[in-house]
Amino acid sequence: LGASAATLGVLAAVASGAALASALATGGFIDRHRRRPLLIGADLLRAAVLIAIPIAAGLGVLTLPQVLTAAALVAAASVVFDIASHSYLPSIIGKAELVEGNSRLAATESVAEVGGPALAGLLFQWLSAPIAVAANAVTYLVSAGFLATIRNPEAAPAGSPPDHWTRDVTQGFRLAWSDPHMRPLLLMTAAQGLFGGVFSALYVLFAVRTLGLTPAMLGLAIGAGGVGALAGAVIAPRLSHRLGQGRAIIVAIAGAALAVLITPFAPAAPVAGLAALIVSQVIGDAFAVAGGVLTASLRQTLLPQAVLGRVAGAFHASAGAMSVIGALGGGLLGQAIGPRAALLIAALGFLIPALIAVLSPLRDLRENAPAD
């Protein structure tokens, strides 16, 4: 559709804003309802929204507002899925196996990431972007089918009267802020959302227009990150066992931040630029996934299951709010000083969460006692 850097920033901001609104409004609702139906519903909604794009393109009526609307709805449904999944897992496997369980989930996502983006790039290049979107819609239908096969009985959440969403949000933030180990994680999430918003707005533009990558090459670079992500899922339990939960998180966050610094220094030549992006993706995704597994497990372990949705909503809201600012600012910054310089600023910003972690009680956390 010929979008500019500023328009891509708006697109990323719209998605982040919808994710923010969803996180604010749904955490308490998820805590009060069975999670599996919500997971299936979120998949079906995303499939329906995405399949409308190739239909509109085929009819010649696809517009940027429709793409923005689709991005908002998919982002909102994805937050519901993520929060519900985060709350659902402890009821299936128990708190003692959470690091291993989260690692296995991350491993399956990593395997998909190896082939998914590369396939998307090829579909985009050979057939068109709308066909790639149609393929993505099908994957959500497959996901819903798999979820429908789960036979573990899910107990109804403990009865609690419905509350206004603002009180749910307030409680989620209060619970996260009052725990000395959750507080730095919340601050780190907000910082990652801010600088991640800049990256999400400019990464594709930088790769395609500055480095000269084809869509297939870009898909290959992102897919290569899946290899690193798979390694991260495997090493997360080992890092936790060897270093302790807190220090393992610090190492993972710092490693991911240093790997991101490779991207803005990628040479402006397709082959060399692709090589630099692959290195950055493999190393960065390995540490990022390890950090994600460890932080998610820590939250699930230290907090009661009855409030996981609200606290997860607070984390998503923090990241979402800062992502909106980062995406809008990143789009304008990229237009003003160029994508490479803007990405360098964002890459340096990713060091801030690592600094927060080093200065927090996480550095002394080795074992975590499960919540009641």
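User: In this predicted model, which residues of α7 meet which residues of α13?

Analyst: On the α7 side they are Pro184, Leu187, Met188, Ala191, Gln192 and Phe195, and on the α13 side Ile352, Pro353, Ile356 and Ala357. By kind, nine of the contact residues are nonpolar, one is polar and none is charged.

User: Why are α7 and α13 called roughly antiparallel?

Analyst: Helix α7 covers residues 182-210 and helix α13 residues 351-358, and the angle at which they pack is about 170°. The term applies to angles over 145 degrees, therefore α7 and α13 count as roughly antiparallel to each other. Their axes lie 8 Å apart.

User: What makes Phe265 buried or exposed?

Analyst: The relative accessible area of Phe265 is 58%. Exposed means over 50%, so Phe265 is exposed. Phe265 sits in the loop between α9 (245-260) and α10 (270-302).

User: Which residues is Phe265 in contact with, leaving aside neighbours within four places in sequence?

Analyst: They are Arg340 and Leu344. As for Leu343, its C-alpha is 9.4 Å from that of Phe265, while 78 residues separate the two in sequence.

User: How do you know that the span of helix α11 agrees with its number of residues?

Analyst: Helix α11 has 30 residues, 308-337, and at 1.5 Å a residue it should span 44 Å. The C-alpha atoms at its ends are 41 Å apart, so the two values agree.

User: What follows α11, and what is its phi?

Analyst: Gly338 follows α11, and the phi of Gly338 is positive, near 100°.

Note on methods: Residues are numbered from 1 along each chain as its sequence is written. This is a predicted model: local features need pLDDT of at least 70, side-chain atom pairs count only at pLDDT 80 or more; totals for chains, interfaces and linings use all residues. Side-chain values use heavy atoms; hydrogens and water are left out. Axes are lines fitted to C-alpha atoms, for helices over the stretch in contact, and angles run from 0 to 180 degrees between N-to-C directions. Helices (H or I, at least four residues) and strands (E, at least two) are DSSP runs, numbered from the N terminus. Angles under 35 degrees count as roughly parallel, over 145 as roughly antiparallel, 65 to 115 as roughly perpendicular and the rest as oblique. Contact means heavy atoms within 4.5 Å. Ala, Val, Leu, Ile, Met, Phe, Trp, Tyr, Cys and Pro count as nonpolar, Asp, Glu, Lys and Arg as charged, and the others, Gly among them, as polar. Buried means under 20% relative accessible area, exposed over 50%, partly exposed in between (1.4 Å probe, protein chains only). The expected span of a helix is 1.5 Å times one less than its number of residues.
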